[in-house]
Amino acid sequence: MADYLSKLWNTLPWASLVPSSAIATIIAATLGALVVIWQNAKQARRATAQLRHTEALKLKMRVYEEIVGLCREAGDAEVSYSSYARGFVTDLTLYREMTRAGLSWGLPKARVPSLFEKQAQFNKAVIALISLAERWGVIHPGLEMYRTAFGVALHDAGIAFDPYRSLVIRLMPTEIPNSPQQGSLFPWTLPDDATIQTLEIATDALIKAIDSFGGFMYDFQIDMQNLLVGELFEHRIAPRRPLDPKIVVAQLDDWEKLRSYFENNTAWGKMKNDIDAQVRKANEVRG
């Protein structure tokens with residue numbers, strides 16, 4: 001704009017204009033006003049762009065704070081759940097070893113109602129992250145992959161819990177309801193070695209499923225840091241690199257490939273595909 005106005009000024013036939021001084025003054029004033037208007041408009045556009053960028057950054061920070069809060073709650077629920085499961089089999093084994101050595105030892109502390117509460121808190125925390133991924137899908141199309149990954153982990157944890165639950169219902173000490181003495185227990189007997197070994201296997205499977213969610217949640221936090229607040233810092237966090245190459249790592253860079261994997265190569269995905277096929281077939285029959 002400034003270059004154009006300068007050229008226009010230099011090309012005008014000032015000598016032929018009469019009276020030249022008056023006309024020149026008017027034109028100069030007009031051109032000067034246009035330059036000021038153009039500069040103000042340019043500054044306004046820059047200010048508007050800066051304002052939009054600032055507001056966008058504020059929104060990103062609010063979303064990131066929400067993500068951090070939900071991930072913290074989910075992480076606490078994950079650790080509490082897996083620790084409770086691991087603690088029971090540890091207490092059981094320790095009780096066996098101590099009593100066989102002739103020492104007096106307290107019964108395992110785990111109780112079935114508390115275990116169910118830990119599981120419910122874990123499920124609630126995972127579902128909250130699934131809902132968040134759905135609610136903020138506009139941030140990046142790869143959030144659909146994370147929503148699916150969390151669903152797969154929740155499904156796997158539920159499948160692993162079934163055999164574990166069948167065991168611990170019989171093995172955990174049970175309090176007598178409405179007992180005058182709080183904490184009174186029904187008679188309890190130490191299970192045999194084979195049963196404890198079966199419990200150890202079921203516990204390992206459950207904790208592995210719970211930990212898979214923890215891995216996906218960690219991947220999610222890395223991607224959200226880089227995506228939402230990465231522009232504020234020069235450093236970017238690298239993806240998780242497990243020692244076991246079989247462990248799946250979720251990341252936005254491969255979200256389409258990973259979504260396909262979760263939807264077609266996992267127990268959750270196969271179950272979903274079977275249900276979808278049954279629904280389509282039922283619709284065709286009714287149609």
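Is Asp193 buried, partly exposed or exposed? Asp193 is partly exposed, because its relative accessible area is 37%, which lies between the 20% limit for buried residues and the 50% limit for exposed ones. The model described here is predicted.

**Overall make-up**

The secondary structure of the protein consists of 7 helices and 0 strands, and along the sequence it reads α-α-α-α-α-α-α. The protein has 287 residues, of which 33% count as buried. Its exposed surface comes to about 17800 Å², with 57% supplied by carbon and sulfur atoms. Among contacts between residues at least 6 apart in sequence, 73% join residues at least 24 apart.

**Helix α5**

Helix α5 covers residues 193-229, 37 residues in total. From its first C-alpha to its last it reaches 52 Å, close to the 54 Å expected at 1.5 Å a residue. At the start of this helix, a side-chain oxygen of Asp192 comes to within 3.3 Å of the backbone nitrogen of Ala194.

**The nonpolar core**

The largest nonpolar core contains 59 residues. Those with the most contacts inside it are Phe88, Leu129, Phe150, Tyr164, Leu199, Phe213 and Phe220. Two or more residues of this core come from each of α2 (20-100), α3 (112-135), α4 (143-171), α5 and α6 (255-264). Helix α4 gives the most, with 15 residues. Neighbours within four places in sequence aside, Phe213 is in contact with Ala74, Phe122, Val126, Leu129, Phe150 and Ala153.

**Salt bridges**

The count of salt bridges comes to 12.

Lys60 is partly exposed at 28% relative accessibility, and Glu231 is partly exposed at 45%.

The pair of Asp193 in helix α5 and Arg100 in helix α2 links distant parts of the chain, 93 residues apart. Arg100 counts as exposed, with 54% relative accessibility. Both residues belong to a network of salt bridges that also includes Arg96 and Glu97.

Glu144 counts as partly exposed at 31% relative accessibility, as does Arg259 at 22%.

Terms used
Residues are numbered from 1 along each chain as its sequence is written. This is a predicted model: local features need pLDDT of at least 70, side-chain atom pairs count only at pLDDT 80 or more; totals for chains, interfaces and linings use all residues. Side-chain values use heavy atoms; hydrogens and water are left out. Helices (H or I, at least four residues) and strands (E, at least two) are DSSP runs, numbered from the N terminus. The expected span of a helix is 1.5 Å times one less than its number of residues. A polar contact is a pair of N or O atoms within 3.5 Å; within protein, one must be able to donate a hydrogen and the other to accept it, and residues adjacent in sequence count only if both atoms are side-chain atoms. A nonpolar core is a set of buried Ala, Val, Leu, Ile, Met, Phe, Trp, Tyr and Cys residues joined through side-chain atoms within 4.5 Å. Buried means under 20% relative accessible area, exposed over 50%, partly exposed in between (1.4 Å probe, protein chains only). Contact means heavy atoms within 4.5 Å. Accessible areas come from the Shrake-Rupley method with a 1.4 Å probe; for residues, only the protein chains shown count as cover. A salt bridge is a side-chain nitrogen of Lys or Arg within 4 Å of a carboxyl oxygen of Asp or Glu.
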